[in-house]
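Subject: The structure we talked about

Hi there,

Here is the structure I promised to pass on. Have a look at it first, and then read on for what turned up in it.

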Amino acid sequence: MNTHIVKTYGDELDQLSAEVVLMGGLAEAQVAEAVEAVARRDVALAQSVVARDHKLDELEKDVERKCIRLIALRQPMADDLRKTVAAMKLATALERTGDLAKNIAKRSIVISEAEPMTPLTRSIERMGKLVSSRLRDVLDAYKSGKVDLAQSVWSSDTEVDEHYNALFRELLTYMMGDPRTISACTHLLFMAKNLERIGDYATNMAEHINYELTGEDYVESRPKASNLDQ
């Protein structure tokens, strides 16, 4: 390929990465603000999270189109192919992360009408901060190309599962103690499950990043705590 074609090809790959990084920033903000809406009982903030979800949907479709076009026209190989496929997989994971954040925000609007359950919402907030930190770390690993940071996220998946299991038990205790809390606690239980799934997506992204950078899959099985609802 001549110099012009090589430069254009490189620009296309860089643009893909930049768009995934943009998606990552938006998804991270959506998760953090959805959890903040729960903690503060902030209906306006929750509505804002719901309203902004379409941006991630549009970006995910754009990344997918660009990846398909690049594969069809450039026929990337080796490192470039892994980079292209990773971008598409990461975009899909980030779009789904945004969907889960939107669901948390929607449920926070519903429970804002019920009596405050501060200990439970604080537990959601703690779990949300943990998941947000995992998401932030995996996005930093992608931006910086740090395999060890991706490995750290992948290895710490059990911590999110343990938080979920503890919160699951806490919610059951509340519901058994006072049946009037069942409706609100059910919404909180779904929020906790959504956060656990976001943690899983962060782990999936760590796997994709590791493969992009090394060309190798993790040999050992993913560390996983058993979930009480599975």
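Let me start with a term: a residue counts as buried when its relative accessible area is under 20%, as exposed when that area is over 50%, and as partly exposed in between. Please also keep in mind that this is a predicted model.

**The cysteines**

With that cut-off in hand, take cysteine 67. Its relative accessible area is 0%, so cysteine 67 is buried. Cysteine 185 also counts as buried, because its relative accessibility is 0%. How many disulfides does the structure hold? The number is zero. In case the word is new to you, a disulfide is a covalent bond between the sulfur atoms of two cysteines.

**An aromatic pair and a charge**

Next, look for aromatic rings that pair up. There is one aromatic pair in the structure. It is formed by tyrosine 164 and phenylalanine 168, whose ring centres are 6.1 Å apart and whose planes meet at 55 degrees, so the pair is tilted. The reason for that word is that planes under 30 degrees apart count as stacked and those over 60 as edge-to-face, with the rest called tilted.

Where do tyrosine 164 and phenylalanine 168 lie? Both are in helix 6, which covers residues 157-177. They are four residues apart there, about one turn of the helix.

The charged end of lysine 193 sits over the ring of tyrosine 164, at 5.2 Å from the ring centre.

**The largest pocket**

Now for some empty space. Rolling a probe the size of a water molecule over the atoms shows where such space is left. The largest pocket holds about 170 Å³ of it. This pocket is lined by 11 residues, and the closest to its centre are Lys89, Glu207, His208, Tyr211 and Glu212. Which elements give two or more residues to the lining? They are helix 3 (78-111) and helix 7 (182-214). Helix 3 gives the most, with five residues. Sorted by class, the lining has five nonpolar residues, one polar residue and five charged residues.

**Two residues with positive phi**

Arginine 41 has a phi near 55 degrees, which is a positive value in a residue other than glycine. You will find arginine 41 in the loop between helix 1 and helix 2 (43-74). Arginine 41 counts as partly exposed, because its relative accessibility is 33%. Alanine 78 is not a glycine either, yet its phi is positive, at about 50 degrees. Alanine 78 is found in helix 3.

Finally, here are a few residue pairs for practice, each with a separation along the chain and a distance between C-alpha atoms.

- Arginine 197 has its place in helix 7. It counts as partly exposed, because its relative accessibility is 36%. Arginine 197 and leucine 100 are 97 residues apart along the chain, and their C-alpha atoms are separated by 8.1 Å.
- Methionine 77 is in the loop between helix 2 and helix 3. Its relative accessible area is 65%, so methionine 77 is exposed. Methionine 77 and valine 43 are 34 residues apart in sequence, and 48 Å lies between their C-alpha atoms.
- Valine 110 belongs to helix 3. At 41% relative accessibility, valine 110 counts as partly exposed.
- Leucine 22 is part of helix 1 (residues 3-40). Its relative accessible area is 45%, so leucine 22 is partly exposed. Leucine 22 and threonine 158 are 136 residues apart in sequence and 28 Å apart in space, C-alpha to C-alpha.

Enjoy exploring, and write back with any questions.

Best wishes

Definitions and conventions: Residues numbered from 1 in each chain as written. Predicted model: local features only at pLDDT ≥ 70, side-chain atom pairs only at ≥ 80, totals over all residues. Heavy atoms only, no water. Disulfide = S-S within 2.5 Å. Buried < 20%, exposed > 50% of the residue type's maximum accessible area, 1.4 Å probe, protein only. Phe/Tyr/Trp six-rings, centres within 6.5 Å; stacked < 30°, edge-to-face > 60°. Lys NZ or Arg CZ within 6 Å of the ring centre and 35° of its normal. 1 Å grid on protein atoms, 1.4 Å probe; cavity = no way out; pocket = protein on both sides within 12 Å on 5 of 7 lines; lining within 4 Å. Points joined across faces, edges and corners; volume = space filled by probe spheres on them. Nonpolar A, V, L, I, M, F, W, Y, C, P; charged D, E, K, R; others polar.
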